[in-house]
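These are my notebook entries on one structure. I looked up the strand pairing, the aromatic contacts and the surface, in that order.

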Amino acid sequence: MPLVDIVKEVKEQPAKRVNIVSVKLVREASLLYKNRRIASPSDAWELFKEYLDGVDREHFVVMALDTKNQPTAIHTCHIGWLNASIVHPREVMKVGILSNAASLILGHNHPSNNPEPSQEDIAVTKKLIEAGKMMGIEILDHVIVCDESFVSLKEKGLCVS
């Protein structure tokens, strides 16, 4: 196609409307956290357990922390079905960016109350650690939450950033 025809075609297209937007985090509720700071996987488990109390399906949640490891936000990235949840790095990192997080702790519940990580749990954690490195947001741990117990992938050596 000759250049004159391309220029003519471009000129004949109607104008494109571009939306002007703002992006913000909206507080929906809050929890009172007496420890103020996450110092161990059990601290994360306690907060996640309170947040996830009563859910009947698998929830993948992200806890945003400041530079002093104080939780600033918790967000449910995905609600799965009875025993699975699909997570995309974009949704996890969005929480970190909008919360101005220094680091994140991932968590999800196992409705079966068996806290042992699946191969999918390990694979998604590794993927999210890599995404966090690219974004400058450290993934500190991934905690699998059950009613009476938990597993920290970091303590098991499966979550190394």
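I took two strands as paired if DSSP finds at least two bridges between them. Strands (E, at least two residues) and helices (H or I, at least four) are DSSP runs, numbered from the N terminus. The model is predicted, so I noted that local features need pLDDT of at least 70 and side-chain atom pairs count only at pLDDT 80 or more, while totals for chains, interfaces and linings use all residues. Residues are numbered from 1 along each chain as its sequence is written, and side-chain values use heavy atoms, with hydrogens and water left out.

Entry 1: I found five strands forming an open sheet of mixed pairing, in the order 2-1-3-4-5. Strand 2 and strand 5 are the edge strands, each pairing on one side only. On average, neighbouring strands of this sheet are turned by 20° against each other, direction ignored; the axes behind such angles are lines fitted to C-alpha atoms, for helices over the stretch in contact, and angles run from 0 to 180 degrees between N-to-C directions.

Entry 2: Ile-144 stands opposite Val-151 of strand 5. I then turned to strand 1 (residues 59–65) and strand 2 (residues 71–79), which pair in the antiparallel sense over seven bridges. Met-63 has Ile-74 in strand 2 as its bridge partner. Five residues lie between the strands of this hairpin, where Asn-69 takes a positive phi near 60°.

**Entry 3: the aromatic pair.** I recorded one aromatic pair in the structure. Trp-45 and Phe-150 are stacked, at 5.1 Å centre to centre and 25° between the planes. Rings of Phe, Tyr and Trp (its six-membered ring) pair if their centres lie within 6.5 Å; planes under 30 degrees apart count as stacked, over 60 as edge-to-face and the rest as tilted. The pair links distant parts of the chain, 105 residues apart: Trp-45 is in helix 2 (residues 41–51) and Phe-150 in strand 5 (residues 150–152).

Entry 4: Is Trp-45 buried or exposed? I list Trp-45 as buried because its relative accessible area is 10%. Phe-150 counts as partly exposed, at 24%. Buried means under 20% relative accessible area, exposed over 50%, and partly exposed in between (1.4 Å probe, protein chains only). Ile-97, in helix 3 (residues 89–98), is partly exposed because its relative accessibility is 44%.
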